[in-house]
Amino acid sequence: MNDKAIKPQMSELEEQLALRNALVNITNRIHAAQNIKQILVDLREGILNLFSAYALTIYVADLTKKEIYSMFLAGSKLAEIRVPMNNSSIAGYVANMQKPVNIADAYSRDELKKIDKGLGFDDSWDKKTGFKTTQVLAVPVMYEQSLMGVIQIINRKGGGKFSEEEQSFLEEIAEVLGIAFYNQQRVSRRRKTRFDYLVTRGFITDKDLENSWQEARKANETMEEYLMRKFKVTKGDVGKSLEEYYRCKFFEYDERKPIPGDLLRNLRQEYLRRELWVPLEKSDGKIRVLVDDPNNILKRDTIENLLKTKTIEYDVALREDILKYIAQFYRSGEGDESITEMLGRLELGEEREEEEEDLVSESDSVIMQLVNKIINDANTRRASDIHIEPSVRKKNVDIRFRIDGDCVLYQTVPFSYRAATVSRLKIMSNLDITERRLPQDGKIKFKRAGGDEIELRVATIPTQGNVEDVVMRILAKGETMTLEQMGMSPRNFKVFTEILAKPYGIILVVGPTGSGKTTTLHAALHYINTPDTKIWTAEDPVEITQEGLRQVQVNPKIGFDFSAAMRAFLRADPDVIMVGEMRDFETAKTGVEASLTGHLVFSTLHTNSAPETIVRLLDMGIDPFNFADSLLGILAQRLVRTLCKKCKEPYHPTQMEYEELVHHYGESMFPELNISYTDDFKLYRPKGCGDCNNTGYRGRMGIYELLTASDDIKRLVAKREPVELIRETGISEGMRTLLQDGIFKVVSGLTDLKQVLSVCMK
């Protein structure tokens, strides 16, 4: 054999030897790893280089939840991904069937069916990251016939299916991993502390944990408090550790949790604080109890005796959160007793609630206090609406508040109080308490303890099961916001203030109910409210008051509607007229005529966008030439929830998220924002803290679409051109749509795309 034939053989042997050495190095590092986190994260690069692959995931089996999980670095933080052990994903299939798979194309249904008819590919991760999975080689990690996890490599750099030799190498690594995982579990079982999760995942070391017991005692802190302070372990990770140890759910404090009045009726606040447990809710016949140590048998026996049932689900919470729940449930507002104490004073048993509901009447002092407290608490929590919802099926009455646009459960009260509560509200609203079959509308003027007054608009509606719902809109008389506080873009603010300076014409603010139209109108009136200007307003109801305005509340029941108010204003020497809503042809016609005779007219409509408003008014019968002459501008608006300033979290979005922003804004127009996809590009997302009730959002802001009546727009109006042409012309002249203004506020870090899309249409 000549030298030329020997050299290729030698290079091939050297390559195989190098691969074998690399494999031995990886197995040695697996054996030397201190914890599972080190294996999952630190060995990634070495294994990828061995197989010349693009992606690697090592999963650990969680047999109690029938899931496999893995950890990966998201920036500087450790994140977790979980996959169920079933055939809906490739890794889940390997764990479920405990056999390897080698796939050339994960998106090929035919190839997947050849392996197993039920095998699917979960492409959610691909959609989220923009990474496209092709080749997949996955092997179960076993130890003596027991599943320990799954190792999976993805996308061979040279292309083509992974070779049999590569599969053999991966199986060798899986065998070593099986031993390592078993040893880690054995150490964990031997340790048996409620912080094993933190040690095995590398948040703290064994030595840290050992020293912390004494240090926490010296600092007079619980172990959980000490670990979070000393080692910056998050509350969520402590919760996962407690969940794994106690095998139950971990609960954090949530201010929105309704007060379980029935469960607290015979329990003293001081006792619960001393014993560190609290009943949280009753669901599906089971009572959920939060306790600091669910394994304490003596405490559980006492709880079961006090609650007179064995059907209790024990869950774990930190000491501080249990105390917060107790404080919330027993909290008294404005000198009144808590709802818990109120309910405890009513001695009506649940078993008699159907037959003897009249034992609780609307004149009962406790019912009166209960209704007062509901209204006071709603106002304190910045609620815009209160919903009283009796449930025939659940046999209770849910009370919900709408806060920042979302309904949240405030409290549940016994079903036996439904009629008395509704009747009490009817009496306060001057409604007929004997009429339960028809809807009724009324108003409440509610005086608070401090002397200030809240006005509520009340609607009662008969619902299924011979009960009545009540919905109350809080019309608290608020301070007038200024235009500078409205959150308009620089262009919208400049153009809007320019048209406000016009001596006559019509300005419309449009949007759905609850989109802040009245607030915007009053901000505009405040901008032009000077001693030399006479301003009349007709509203239903008068929600915001300000000096210098002559404000009138209409009353359609006696024939004093918006059109009648406007005709009266025209005889009262006005400069500016604001009419709450153009509900009919008569009001719209009078408004247009008033604007043509030298008055500045403001009003609102319920339309989706600024261009659509023009078509709506023309369809009502308004003369297009008169309307074109009178129109100054149309401002469409929506309210979106804003990210909590205290806890909003910056992050680098994926290429796919960036492209979604570009798509919604418009590819041809997006460059005007002067934003490109770089490593420095950041968006913000909700996180959650005490200030925002762990929602990640606090407060709302407006997004706007301002169409000004240029000469071109006036010509289109006079010709009754379609909405699309008016919109295109408006955009060419500088108008930005609601969606575009929303995206501008997303990239400015004020809100997120989810909130914008929830109120805008493309």
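Reader: Hey, what do buried and exposed mean here?
Author: Buried means under 20% relative accessible area, exposed over 50%, and partly exposed in between, with a 1.4 Å probe and protein chains only.

Reader: OK, so what share of the protein counts as buried?
Author: Of its 762 residues, 49% count as buried. This is a predicted model, where local features need pLDDT of at least 70, side-chain atom pairs count only at pLDDT 80 or more, and totals for chains, interfaces and linings use all residues. Residues are numbered from 1 along each chain as its sequence is written, and side-chain values use heavy atoms, leaving out hydrogens and water.

Reader: How many helices and strands?
Author: There are 29 helices and 25 strands; these are DSSP runs numbered from the N terminus, helices being H or I with at least four residues and strands E with at least two.

Reader: Switching topic: where does T460 sit, and is T460 buried or exposed?
Author: T460 is in strand β15, residues 453–463. T460 is buried, at a relative accessible area of 2%.

Reader: And which residues does T460 touch?
Author: Leaving aside residues up to four places away in sequence, T460 touches K426, L431, L438, P439, Q440, E468, D469 and V470. Contact means heavy atoms within 4.5 Å.

Reader: Now α19 and α20: which residues make their contact?
Author: α19 spans residues 490–500 and α20 residues 517–528, and the two helices pack with their axes 10 Å apart. F496, T497 and L500 of α19 meet A524, Y527 and I528 of α20.

Notes
Axes are lines fitted to C-alpha atoms, for helices over the stretch in contact, and angles run from 0 to 180 degrees between N-to-C directions.
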